[in-house]
Amino acid sequence: MAKKVPVLELLNLRVGFPGAEIVKGINLEIHEGEKVALVGESGCGKSLTAFSILRLLPNGAAINGGQVIYDGLDLATLPAWQLRRIRGKGIALILQEPMTSLNPVLPIGLQIAENIRAHETMSRKAVNERVIELLDLVGIANPRERARMYPHNFSGGMRQRVMIAMAIACNPRLLIADEPTTALDVTIQAQVMDLLEDLCSKLNMAMLLITHDLGAVAQWADRVAVMYAGRIAEMAPIRPFFTGPRHPYSQGLLNSSVEDDWHYTDTRLTEIKGTVASSAGEKGCAFAPRCPFAAAECRGAPPPLEEVRKGWLAACYRREAIQALQEGAAHVPA
């Protein structure tokens, strides 16, 4: 059987600012219809990784090496005019704060229509009908009337639905969602994530979800990649990850989080002690100064990302110790 070609493939991607490399050789692939979560603490390089896919980097940041392969093209080196054809059509992006992403002086229907006109050849009537269809699809009542309203007329949850409508307007193959529920209350967060899951299923769309919320990861993702200090620490299918992670940082994240679908602790929540070390002069495993399992070998060369079993990778010299701990302490609800 031929190997399934991924929608997106990051190959040894390196991104940074002058004098500081933030993303340090990421390898990640996402397949059609798959929902992959990228998690880790603030500053680990999650959002920079996501923005580098479409080369929407902040001032001073640049891709220093590696490839971003989409549809046989390397987006890291693609001419700007070709990349513009892919942004919003092949790959779409949802940002975490819709109020700052929407134009406050334009009706939301017009803003959605702009994306359609940029990529599709359609009559004005067809574009307007597509806008109404999209608003209805994302669950906005009275879409014909609401299309004429402005962002300030909508609640935070409704504005995020408008952003989703804009993102899926041209049926992208990949949706990048950067903390899409950060500014929303818990009930609305669930509604937005349910909507994204439903759209991925209906449109056979892949999604890269950038988040801190492990509960959201457990409920809505198919696979998780854990980042620490610019590198992938662990990558695994959801259930194995939550029932027995193989990296001490992953274990620390779970031990400091509340109950989710597959994992809970009956002991007091614990923090990950210490802080992220500076990348300057970094040697060995970046997590070693905070790791309760660290040994001399951890302070030599950075551990490679190696296969635990099919589809499950971890970058840790002490995987066996983590496995022994999990087998003695993990509890899987019946």
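This is a predicted model: local features need pLDDT of at least 70, side-chain atom pairs count only at pLDDT 80 or more; totals for chains, interfaces and linings use all residues.
## Basis

Local features need pLDDT of at least 70 and side-chain atom pairs 80 or more, while totals for chains, interfaces and linings use all residues. Residues are numbered from 1 along each chain as its sequence is written, and side-chain values use heavy atoms, without hydrogens or water.

## Nonpolar cores

The largest nonpolar core holds 40 residues. A core here is a set of buried Ala, Val, Leu, Ile, Met, Phe, Trp, Tyr and Cys residues joined through side-chain atoms within 4.5 Å. Buried means under 20% relative accessible area (1.4 Å probe, protein chains only). Among the residues with the most contacts inside this core are Ile112, Leu135 and Val162. Elements giving two or more residues include α4 (108–119), α7 (156–167) and α8 (186–203). Helices are DSSP runs of H or I, at least four residues, numbered from the N terminus. The top contributor is α7, with seven residues.

Leu135 touches Ile108, Ile112, Ile140, Pro143, Ala147 and Ala165, leaving aside residues up to four places away in sequence. Contact means heavy atoms within 4.5 Å. A second, separate core has 34 residues, including Leu10 and Cys44.

## The α7–α8 pair

The axes of α7 and α8 come within 10 Å and cross at roughly 15°. Axes are lines fitted to C-alpha atoms over the stretch in contact, with angles from 0 to 180 degrees between N-to-C directions. The two helices are therefore roughly parallel (under 35 degrees).

From α7, Gly157, Gln160, Arg161 and Ile164 meet Ile188, Gln191, Val192, Leu195, Leu196 and Leu199 of α8.

Note on methods: Buried means under 20% relative accessible area, exposed over 50%, partly exposed in between (1.4 Å probe, protein chains only). Angles under 35 degrees count as roughly parallel, over 145 as roughly antiparallel, 65 to 115 as roughly perpendicular and the rest as oblique.
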